[in-house]
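Work through the two exercises below with the sequence and the model in view, and try each task before you read its solution.

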Amino acid sequence: MNTVRCYQHVHLLLREWKSVVSSSTRSLSLRYSRGIQRPETTPFEHVVVRYYTSSAPNESLVYTGPLSSAVRSLKIFSLVTACCTLTFSPIIVYHGNQNTPIIGRLAIASLITMVGVSTTLILHWFVKSYVTKLYYHHMTGHVTVETITMFGKRRLTKFHISEAQPPDNVSAFSTFRGGGRSFFLHTELFEDPKLLRQLLGDYVTFENNLK
């Protein structure tokens, strides 16, 4: 019996609270509709508003490069080999075959170092524009392009969709430009044709004619 009375009492309190809130809301709405200036936001209200309006941005992943993992692994492997050549070259010079003249050992060490470093630099030059992921913010029109640095880390380049343009020169490693950089993506795997045309412009027609 006491439990039932308790529930009834709570129910009555909730009904009274609901009626008070409803009347207050109607009163405030009537005041604002008559041109009465709204009071300044309290610190607590400001925190609540910021909490609910700072949700996850409307930025969606629209493209993923199919060779992203391979490119990253290849870059890391090439970087490791370059470091190994730089480490072992002095060993070849000082602890190599003593019957070989020092000039010969220097030449061999220099050749190995040049090959190891140059292949790493050439690989980076070829794949530095490869797009691993591309994000698009549908509300603001901002594009975020993810590429891989020489050290295998992510590099993000952000720009507005209006800044995207076709490449300056027709190249096998460049399909569009944005944010002062050139980028390459697989146009046949891009699922949003409208966004692709905004990125590539007239270059889309050129790509389609090559297929």
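**Exercise 1.** Determine whether Arg 154 is buried or exposed, and then find which residues are linked with it in a network of salt bridges.

*Solution.* Arg 154 has a relative accessible area of 53%, and it is exposed, where buried means under 20% relative accessible area, exposed over 50% and partly exposed in between, with a 1.4 Å probe and protein chains only. This is a predicted model, in which local features need pLDDT of at least 70 and side-chain atom pairs count only at pLDDT 80 or more, while totals for chains, interfaces and linings use all residues. Residues are numbered from 1 along each chain as its sequence is written, and side-chain values use heavy atoms, with hydrogens and water left out.

Next, look for salt bridges, that is, a side-chain nitrogen of Lys or Arg within 4 Å of a carboxyl oxygen of Asp or Glu. Arg 154 forms one with Glu 146, and their closest N and O atoms are 3.1 Å apart. Glu 146 also meets Arg 72 in a salt bridge, at 4.0 Å from N to O, so Arg 72, Glu 146 and Arg 154 are linked in a network.

**Exercise 2.** State how accessible Glu 146 and Arg 72 are.

*Solution.* Glu 146 is buried, its relative accessible area being 2%. Arg 72, by contrast, is partly exposed, with a value of 25%.
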